[in-house]
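Please read these points alongside the model.

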Amino acid sequence: MPIYRIGEAAELLRVSPDTIRRWVDAGRLTADRDAHGHRTIDGAALAAFARSLSSSETPESGWSSARNRMSGIVTAVARDGVMAQVEIQAGPFRIVSLMSREAVDDLDLKVGDLAVGVVKSTNVIIETDRP
């Protein structure tokens with residue numbers, strides 16, 4: 001079972017190590033100490049905590065079957081006659097969507113707008129650094 005140090009957990013959750021320490025001190029996240037006295041977090045516990053941080057509610061628009069929702073800022077909007085390409089930067093992730101120009105115009109999307117990229121797909125590729 002994987003074990004993560006405070007810095008690794010912080011990087012995975014995209015927060016500071018101090019935030020992880022505060023969550024541990026407050027009892028929100030369980031940590032142990034290794035042989036050197038460093039705090040470590042069990043991988044399964046970290047995964048459960050990460051899941052608890054996410055929300056499956058669709059803000060102000062009801063419910064959706066899509067669970068992969070990434071809030072970010074619109075960084076580019078390119079339109080042509082029929083289609084448009086919209087880019088969102090959601091934390092460290094760049095999301096690119098191709099849609100009709102009409103949809104982009106209806107949403108009045110502009111660079112700098114807050115937007116949510118919603119992914120619902122039957123084909124999702126998962127990669128790891130392990131063989």
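1. Contact here means heavy atoms within 4.5 Å, and helices (H or I, at least four residues) and strands (E, at least two) are DSSP runs numbered from the N terminus. This is a predicted model, in which local features need pLDDT of at least 70 and side-chain atom pairs count only at pLDDT 80 or more, while totals for chains, interfaces and linings use all residues. Residues are numbered from 1 along each chain as its sequence is written, and side-chain values use heavy atoms, with hydrogens and water left out.

2. Helix α3 spans residues 43–53, and its residues Gly43, Leu46 and Phe49 are buried (under 20% relative accessible area; exposed is over 50% and partly exposed in between, with a 1.4 Å probe and protein chains only). Viewed down the axis of α3, the buried residues fall within an arc of 125 degrees, so they line one face of the helix; the arc is that of the directions from the helix axis to the C-beta atoms. These buried residues pack against β1 (3–5), α1 (6–13), α2 (17–25) and β3 (39–42).

3. On the face of α3 turned away from the buried side are the exposed residues Arg51 and Ser52. At the start of α3, a side-chain oxygen of Asp42 comes within 3.0 Å of the backbone nitrogen of Ala44.

4. The structure holds six salt bridges, each a side-chain nitrogen of Lys or Arg within 4 Å of a carboxyl oxygen of Asp or Glu. One of them pairs Arg21 with Asp18, with the closest N and O atoms 3.0 Å apart. Both residues lie in helix α2, three residues apart, about one turn of the helix. Arg21 is partly exposed at 36% relative accessible area, and Asp18 is partly exposed at 44%.

5. Arg101 and Asp105 also form a salt bridge (3.3 Å, N to O). They are separated by about one helical turn because they are four residues apart in helix α4 (residues 101–107). An α-helix has 3.6 residues a turn, so residues three or four places apart point the same way.

6. Lys110 and Asp108 form another salt bridge, with the closest N and O atoms 3.3 Å apart. Elsewhere, salt bridges that share partners join Arg79, Arg101 and Asp105 into one network.

7. Which strand holds Val96? Val96 is found in β6 (residues 93–100), and at 38% relative accessibility this residue counts as partly exposed.

Definitions and conventions: Polar contact = N/O pair within 3.5 Å; in protein donor to acceptor, adjacent residues only side chain to side chain.
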